[in-house]
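I opened this model to look up a few things in turn.

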Amino acid sequence: MSFEQKKNSIRIVSLAGMLGVITLVHTLMGMGRHSAGRHDGGGLIINILHITFAHFYIVPIILGAYWFGIRGGVLVSILSTALFTPHIFAWMDPVWSIYNYVEIFLFLLIGGMTGVLIEMERSQRQRYQNALVRLDESHQKLKTQTEVLFQTEEQLRRADRLSALGELSAGMAHEIRNPLGSIKGAAEILKDDYGPDAPHHEFIDILLKETDRLNKIVQEFLGFARPKPPELREEDINELLESVLALTAQPARKAGISVEKRLDHTIGKWNLDADLLKQAFLNLVLNSIQAMPDGGSLTVESARRDDRIEVKIVDTGMGISTDNRKRLFSPFFTTKKDGTGLGLAITYRIIQNHRGTIDVASEPGKGATFTITIPV
């Protein structure tokens, strides 16, 4: 039995008890008067008390209407009338009966009117509650639309920044690349003149190593500034993921990371740019490996979701704070000492050029989940 059913049962028992007590007292008063055969002033007082006590039937009538609405009020008033009517003929003088007929009419009137008022009040309250629910739904919908607008505005701002930074990066990379090539050529000539036993040979190696690193950074700048448009061909995204995991197998083993693949091989081939997506997935996997210097687990999933492909890259690394998550795909933002901050920005642009989305869910110390969706 539910709580509501138990509550209603207690109310019914209470109403029955009140009707029983009132009827019993009424009966005892009538019997006392009849056995005494009193028709004097004392009998008059008893008649008045008898009529006055009948008013107590109004209490269960009102409670019945309040608890059960119009049906409860009418039903309890009918029961009260049925219990009260015998007293009119058995114990009351005919001259007093007219007052009791009025009393019966009042029972029915009070029961019906109270029930109607209670039903109206409940109906109005229900309308208010429904209005509040609709208002809350509208508020939630407005809140969601506002969040979408803010996200769109942030994406537009990011696009403006990317455009400006792209033009700046292209100019700087072009100007740096020419003297950098000259420096590397000169260092290689010096290396030929100084053998491995020469005291300055190690400095030449450092010079060449740092020149290559600068050249790589310039290449990243150029790749970011002048993104290659996707060349769509039928490709299997699982093959791209397998290739990326093969390339990163050695650094993953070295860091003590276990790799789990959950690839849906029913996805099939779709129009994708294999080279660009491979670069994007490689950036994300390397990012996850670097987030687990003390080991952990890396999970790569692929699945078909209606009209899109979904790829998830999940790690158990250090996680990403809320502030960093907001800036994660911004150009030149990095938390690594030797990072350029362009890897994830390039990844974001590659996915965006495939009309896809990339999202990240993470908490500090609880790893990160990158979710890429590409419409097909």
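The entries below run from the whole chain down to single residues.

**Ground rules.** I am working with a predicted model, where local features need pLDDT of at least 70, side-chain atom pairs count only at pLDDT 80 or more, and totals for chains, interfaces and linings use all residues. Residue numbers start from 1 along each chain as its sequence is written, and side-chain values use heavy atoms, with hydrogens and water left out.

**Confidence.** I checked pLDDT, the predictor's confidence in each residue on a scale from 0 to 100. The chain has a mean pLDDT of 81. A value of 70 or more is reached by 83% of its residues. Where does pLDDT stay under 50? I found that stretch at residues 35–42. The model gives these residues four contacts beyond four places in sequence. A contact here means heavy atoms within 4.5 Å.

**Overall make-up.** I counted secondary structure from DSSP runs, numbered from the N terminus: helices are H or I with at least four residues, strands are E with at least two. The chain comes to ten helices and seven strands. I then took the contacts with a separation of 6 or more; residues 24 or more positions apart account for 73% of them.

**Burial and surface.** I call a residue buried under 20% relative accessible area, exposed over 50%, and partly exposed in between (1.4 Å probe, protein chains only). Of the 376 residues in the chain, 35% are buried. Areas come from the Shrake-Rupley method with a 1.4 Å probe, and for residues only the protein chains shown count as cover. The chain exposes about 22700 Å². Carbon and sulfur atoms supply 60% of that area.

**Nonpolar patch.** I looked for patches, built from residues with over 30% relative accessible area and no salt bridge; like charges are joined within 9 Å, and nonpolar side chains (Val, Leu, Ile, Met, Phe, Trp, Tyr) within 5 Å. One nonpolar patch covers about 560 Å². Its members are Ile70, Val74, Ile78, Leu108, Val116, Leu117 and Met120. Which helix gives the most to it? The answer is α4, with four residues. Both α3 (58–90) and α4 (94–193) supply at least two residues each. I picked out Met120, which lies in α4. Met120 counts as exposed because its relative accessibility is 53%.

**Salt bridges.** My rule is a side-chain nitrogen of Lys or Arg within 4 Å of a carboxyl oxygen of Asp or Glu. The count comes to nine salt bridges. I followed the network that links Glu231, Arg233 and Glu235. Arg233 pairs with Glu231, with the closest N and O atoms 3.8 Å apart. Arg233 also pairs with Glu235, at 3.9 Å between the closest N and O atoms. Arg233 is partly exposed at 40% relative accessibility. Glu231 is partly exposed too, at 43%. Glu235 is buried, with a relative accessible area of 18%.

I next turned to Arg262 and Glu301, whose side chains meet in a salt bridge at 3.2 Å, N to O. Arg262 lies in strand β2 (residues 257–262) and Glu301 in strand β4, so this pair ties together parts 39 residues apart in sequence. Arg262 is partly exposed at 45% relative accessibility. Glu301 is partly exposed at 21%.

Asp236 sits in strand β1 (residues 233–236). What is the nearest side chain of opposite charge to Asp236? I found Lys269, 6.8 Å away. Asp236 is buried yet has no salt bridge. Leaving out residues up to four places away in sequence, Asp236 touches Gly268 and Lys269.

**Positive phi.** I noted two residues here. Asp306 is not a glycine, yet its phi is positive, near 55 degrees. Asp306 is in the loop between β4 (296–305) and β5 (308–315). At 66% relative accessibility, Asp306 is exposed. Arg355, also not a glycine, has a positive phi of about 60 degrees. Its loop runs between α10 (343–353) and β6 (357–362). Arg355 is exposed, with a relative accessible area of 63%.

Key. Lys, Arg positive; Asp, Glu negative; His and termini not counted.
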